[in-house]
Amino acid sequence: MVAPKAPVAAAKVAAPAASDDDTLGDDDDDSLVAAATDKLAGHVDGHAREALLAFAMKLRDIRYHRGGRAPSTGFDCSGFVRYVFSHSIGLDLPTNSASQFLAGLKVKRNEMKTGDLVFFRTRGKAISHVGIYIDNGQFIHSPSAGKTVRVDNLNEAYWSKHFAGAKRPEGIAKI
């Protein structure tokens, strides 16, 4: 069972590795984290899903890095998901996609909500990839080497073929 962390004070999000297109401004990061944690303070109020998604979208274009867990180093899929949940709504998730799959509550595809996790079997029968569901079949994730955090569609041939199911982290199950 995964329990929400206590709301955190506005934490500074590490900046991505130096690039020509710096998508994360320091002031934007601080205010985004503060807004997300304020919305979660006390009890989850229904805006946590929107805060989680807004935070995830700010991380688009950060490069994939196997084992990566922060914007400064890049993300792998589970590192991205874990970072978003931790820094936006203060919820600690397991460290890899297979354990994230085991920890969530099963959700039917037609009942998925923003913030649910979508899982894939990209290498055989084991769960090997995870993303965060947005809406209308779209999800955000850190796909693979040479790529960056981006939005894709579950109906694309590749993702549709490898889709394994959706889970709702227990910490957001009631919203």
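Author: Buried means under 20% relative accessible area, partly exposed is in between, and exposed is over 50% (1.4 Å probe, protein chains only). This is a predicted model: local features need pLDDT of at least 70, side-chain atom pairs need 80 or more, and totals for chains, interfaces and linings use all residues. Residues are numbered from 1 along each chain as its sequence is written, and side-chain values use heavy atoms, without hydrogens or water.

Reader: Why is F101 called buried?

Author: Its relative accessible area is 15%. The limit is under 20%, so F101 is buried.

Reader: How many aromatic pairs does a search of the whole structure find?

Author: Nine. Ring centres of Phe, Tyr or Trp (its six-membered ring) must lie within 6.5 Å; planes under 30 degrees apart are stacked, over 60 edge-to-face, the rest tilted.

Reader: What makes F120 and F163 edge-to-face?

Author: The angle is 70°, with 5.8 Å between centres. F120 belongs to strand β4 and F163 to strand β8, so this pair joins parts 43 residues apart in sequence.

Reader: How do you know that the charged end of K167 sits over the ring of F101?

Author: The rule asks for NZ of Lys or CZ of Arg within 6 Å of the ring centre and within 35 degrees of the ring normal. K167 passes, at 4.1 Å from the centre. R109 sits over the ring of F163, at 4.6 Å.

Technical notes
Helix = DSSP H or I, 4+ residues; strand = E, 2+ residues; numbered from the N terminus.
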